[in-house]
Each structure stands twice: as structure tokens, then as C-alpha cells.
Amino acid sequence: MKADAIKLDGKAAGSVDLNDEIFGLEPRVDILHRVVRWQRNNAQAGTHKVKTRSEVKYSTKKIYRQKGTGGARHGARSAPIFRGGGIYKGPTPRSHGHELTKKFRKLGLRHALSAKAAAGELVIVDSVEMKDAKTSALAKQVNAHGWKRTLVIDSVVDENFAVAARNIATIDVLPSMGANVYDILKSDTLVLTKAGVEALEARLS
């Protein structure tokens, strides 16, 4: 499939041939869901922790005599049924991550790119190289295009462009090796450079 390319200033920059096996698939929500879930689970810290009965700070002295009180038998205030006592079977630090094959992860990335292309949210630019790292100049160009939440992917990110984009909250910049399903799907506009397209096709073919 062919796609028109533009320059950052909005001028036409020819066209690009996009691989149908990467940009022309019928997006499948189940595949995208599995890959996003894998990403988010792996990113979860898993540092949740509560104190058990043996960890709360309480005296270990028996709180009252064993018999004759008319109440249940207890040995310490750290028991889970008492206020301030330990938590029974609470969360402990653990990994939430799970395995997902490399082949399936690549398939998910193909479907994410195809979803953006099918929705008309894919923009191909000739290059994002900038002579000067001027945030104001880049912001004007972005506003002129009407881009909102934007993800820019290049084969190798231009340093001046990265510095200029750093202070614009609505722009994220990634190299092609860092392209991932979650960031692609949460963006309103996906901007790929010609070099970025070639790098992604080489990575996913």
C-alpha cells in the first residue's frame, strides 16, 4: 500500500510503499489486548506489602489468662482479629509479569501499526531532523498539523528534535527499537519517518 509523505513544515515529500503484512492487516483486538496486558504487567512494580502477625510491633505477653474470662483464648494482641494486629494472607512483593513469545509480540506490533493506518491516524514524514533545538518552532509546526497526543518514531532519533520535543507534553519520541504496542495505541497520532518505516519493516518482516 502507498502512503503520502510530508515534511515537518507541511510540504509534500513524495510517497512511501508500506508493507501490507505490517500496515495492512485487519486489526484484532484480542491480540492487541494480550500484548498490552503483557506490557503493563511487566511494568508493574509488585512492591505491595503488609505486615503479618510476626512483623507487627506488639508485646508477646499473653493478654489475659487462658481460662475463666468467658471469652475466647488468646495469646497476643498481634492476632489478625484485633485492631492493629497482623494482616492474614495479605499481598507480598512479587512479579506480575508473565511470558509472551517473541513471535506473538511481533504480531501484536504489526496489528498496532495496522490499526493506526486503518484509523487514518498514521502520518509519514520525510525526516524530523532540526538544525536547532527550538521548542517554540516545533510547537508551531505541531499545532499547525493539529496533532494532539503524538508519538514520533524514527530509526535513530535526532538529538535536536528530541531536545525540542522534550518540553512539549503532547509529544513522545521513540527510536524504532523502542516501538511498542501500548505507546502506539495510546497516541492519537502516530508519526513515522521514512527511515523509521524502513527500520520497523526490517524488524518485523
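Predicted model: local features only at pLDDT ≥ 70, side-chain atom pairs only at ≥ 80, totals over all residues.
View A. Strand β4 covers residues 150–154 and is joined to β5 by five bridges. The two strands run parallel. In general, strands of a sheet pair through backbone hydrogen bonds, in either a parallel or an antiparallel manner.

**View B. The six-stranded open sheet.** The strand order is β2-β1-β3-β6-β4-β5, and the pairing is mixed. At the edges stand β2 (12–17) and β5 (171–175), each of which pairs on one side only. From one strand to the next, the twist averages 30 degrees.

**View C. The backbone at K89.** K89 is not a glycine, yet its phi is positive, at about 55 degrees. The residue belongs to the loop between α2 (29–43) and α3 (102–118). With a relative accessible area of 71%, K89 is exposed, the threshold for this class being over 50%.

**View D. Packing of α3 against α7.** Helix α7 comprises residues 194–204, and its axis is 10 Å apart from that of α3. The helices pack at an angle of about 145 degrees, and their crossing is left-handed. On the α3 side, the contact is made by K106, L109, R110 and L113; α7 contributes L200, R203 and L204. Classified by residue type, the contact of α3 with α7 has four nonpolar and three charged residues, with no polar residue.

Technical notes
Residues numbered from 1 in each chain as written. Heavy atoms only, no water. Pairing = 2+ DSSP bridges. Helix = DSSP H or I, 4+ residues; strand = E, 2+ residues; numbered from the N terminus. Axes fitted to C-alpha atoms, helices over the stretch in contact; angles between N-to-C directions. Buried < 20%, exposed > 50% of the residue type's maximum accessible area, 1.4 Å probe, protein only. Left-handed = near helix turned anticlockwise from the far one by under 90°. Contact = heavy atoms within 4.5 Å. Nonpolar A, V, L, I, M, F, W, Y, C, P; charged D, E, K, R; others polar.
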